[in-house]
Amino acid sequence: MTGISILATELDGKRQETLMEMVPASRHIAALADPGVTGPAHLDALRNAAAMRSVELSIYPVRDREEIAAALHQAQADGGTALNVLASGFLNANRKIILDRTSALRLPAMYQWPENAEEGGLAAYGPRFAKLYRQLARQLVKLLHGAKPADIPVEQPTEFELVINLQTAKALGLTIPESMLDRADQVVE
């Protein structure tokens, strides 16, 4: 067996921490979660990490695209002032709905893929799709040249990017701390 591990859920905590730094006044953060991907132990760890910073974390599980808008509205109605979109292929496939709703609700949101911030999200932290596809292509070439899957190690991305969208921040009325902008790999202006 071989492939690529993208450290998706492992980075949810880092994204949450970064979101709290970007929106320091937020005392109640919401997390949009795919229950098929994110387990209870992981959600408890995220809640505990938020609580250590005196931030309440509310989890909004969604199982199908029709639940997304309602969950985001409920998150805001419950007092959520920022959103961490947890790692999930399902949530990424429905990012247009999430981007549109968070924009309409003026809800600052953190995403898994740098491309999401370039598409209008406030910020994102993780590996780029294109680089993952290149890694996957290299593995595929090895397989096509006769290598056995068991002989090809599972790879992980080595580069993670923090992308901050200042246009979105401005539309939300947010001032991103200079220290965050200095740490960003890309700032969309």
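Glu17 forms a salt bridge with Lys14, with the closest N and O atoms 3.9 Å apart. A salt bridge here is a side-chain nitrogen of Lys or Arg within 4 Å of a carboxyl oxygen of Asp or Glu. Glu17 and Lys14 both lie in helix 1, three residues apart, or about one turn of the helix. Helices (H or I, at least four residues) and strands (E, at least two) are DSSP runs, numbered from the N terminus. Glu17 is partly exposed, with a relative accessible area of 32%. Lys14 is also partly exposed, at 33%. Buried means under 20% relative accessible area, exposed over 50%, and partly exposed in between (1.4 Å probe, protein chains only).

This is a predicted model: local features need pLDDT of at least 70, side-chain atom pairs count only at pLDDT 80 or more, and totals for chains, interfaces and linings use all residues. Residues are numbered from 1 along each chain as its sequence is written, and side-chain values use heavy atoms, leaving out hydrogens and water.

## Bridges between elements

Arg183 forms a salt bridge with Glu21, the closest N and O atoms being 2.7 Å apart. Arg183 lies in helix 9 and Glu21 in helix 1, so the pair ties together parts that are 162 residues apart in sequence. Arg183 counts as partly exposed at 39% relative accessibility. Glu21 counts as partly exposed at 21%.

Arg128 forms a salt bridge with Glu115, with closest N and O atoms 3.7 Å apart. Arg128 sits in the loop between strand 5 and helix 7, and Glu115 in helix 6, 13 residues apart. Both Arg128 and Glu115 are buried. Salt bridges that share partners join Glu115, Glu118, Arg128 and Glu161 into one network. The count by this rule is nine salt bridges.

The largest nonpolar core has 27 residues. Such a core is a set of buried Ala, Val, Leu, Ile, Met, Phe, Trp, Tyr and Cys residues joined through side-chain atoms within 4.5 Å. Met22, Ile29, Leu57, Ile164 and Ile176 touch the most other members. Elements that give two or more residues to this core include helix 1 (12–22), strand 1 (28–33), helix 2 (40–51) and strand 6 (161–165).

Leaving aside neighbours within four places in sequence, Ile164 is in contact (heavy atoms within 4.5 Å) with several residues, among them Met22, Leu122, Ile176 and Val188. A second, separate core of 21 residues includes Leu83, Leu91, Ile98 and Leu107.

## Helix 5

The buried residues of helix 5 (residues 95–105) are Ile98, Leu99, Thr102 and Leu105. They cover an arc of only 140 degrees around the axis, which puts them on the same side of helix 5. The arc is that of the directions from the helix axis to the C-beta atoms. Their packing partners include strand 1, helix 3 (68–77), strand 3 (82–85) and helix 6 (114–118).

The face turned away from the buried side of helix 5 carries the exposed residues Lys96 and Ser103. Arg106 follows helix 5, and its phi is positive, near 55 degrees.

## Exposed sites

Ala25 lies in the loop between helix 1 and strand 1. Ala25 counts as exposed at 72% relative accessibility. Ala25 and Lys148 are 123 residues apart in sequence and 52 Å apart in space, C-alpha to C-alpha.

Leu144 lies in helix 7 (residues 129–144). At 68% relative accessibility, Leu144 counts as exposed.
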